Amino acid sequence: MTEADQATGEALPMSTTGVTMAATKKCPKCTRDMVALTLTVDGDDRVLRSCSHCDLRQWEMSGGTQTSLAGVLQELTASQD
Ligand SMILES: [Zn+2]
């Protein structure tokens, strides 16, 4: 477990976000199907893609631009007030 792994599971304030399933993508590393979770942050979607085989995780902004967990957490924190 890395610090980032723990933050992914524990630090997101899920009660303030809508979570739905997004379309799946193949893992760029091992080509298996990735699990995709869409989180609505302040009216905008962020997608977490996670590969259960090699544990690769990717975050996307709406429109498919890649972002980071740190960036999403910052947005979640900023949208709390
Ligand atoms: Zn993978």
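Author: Start with a loop residue: Thr31 sits in the loop that joins strand E1 (19–21) to E2. Keep in mind throughout that this is a predicted model.

Reader: Is Thr31 buried or exposed, and why?

Author: The call rests on a count of C-beta atoms within 10 Å, where 12 or fewer means exposed. Thr31 has 11 others within 10 Å, so Thr31 is exposed.

Reader: What is the phi of Thr31?

Author: Most residues other than glycine have a negative phi. Thr31 has a positive phi, near 65°, and is not a glycine.

Reader: Where does Asp55 lie, and what is its phi?

Author: Asp55 is in the loop between E3 and E4. Its phi is positive too, near 70°, in a residue other than glycine. Asp55 has 13 other C-beta atoms within 10 Å, so Asp55 is partly exposed.

Reader: How do E3 and E4 pair, and over how many bridges?

Author: E3 and E4 are antiparallel, with five bridges. As an example of facing residues, Ser50 stands opposite Arg57 in E4. The two strands form a hairpin with six residues between them, and Asp55, with its positive phi, belongs to that hairpin.

Reader: How many bridges join E4 and E5?

Author: Two bridges, again in the antiparallel sense. Glu60 has Gln66 in E5 as its bridge partner. This hairpin has four residues between the strands, and Gly63 in the turn takes a positive phi of about 100°.

Reader: Where is Thr65, and is it buried or exposed?

Author: Thr65 is in the loop between strand E4 (57–61) and strand E5 (66–67). Thr65 counts as exposed because 8 C-beta neighbours lie inside 10 Å.

Reader: Which residues is Val72 in contact with?

Author: Setting aside neighbours within four places in sequence, Val72 is in contact with Val41, Arg46, Trp59 and Thr67.

Reader: How much of the chain is buried?

Author: Of the 81 residues in the chain, 14% are buried.

Reader: What share of the contacts comes from residues 24 or more positions apart?

Author: Among contacts with a separation of 6 or more, 29% are between residues 24 or more positions apart.

Reader: How many helices and strands are there, and in what order do they run?

Author: The chain has two helices and five strands. Read from the N terminus, the order is α-β-β-β-β-β-α.

Reader: Where is confidence lowest, and where is it highest?

Author: Helix H1 (residues 3–10) has the lowest confidence, with a mean of 52, and E4 has the highest, at 93. Over the chain the mean pLDDT is 80, and 70% of the residues reach 70 or more.

How values were computed. Residues numbered from 1 in each chain as written. Predicted model: local features only at pLDDT ≥ 70, side-chain atom pairs only at ≥ 80, totals over all residues. Buried ≥ 20, exposed ≤ 12 C-beta atoms within 10 Å, placed from the backbone. Contact = placed C-beta atoms within 7 Å. pLDDT = per-residue confidence, 0-100. Pairing = 2+ DSSP bridges.
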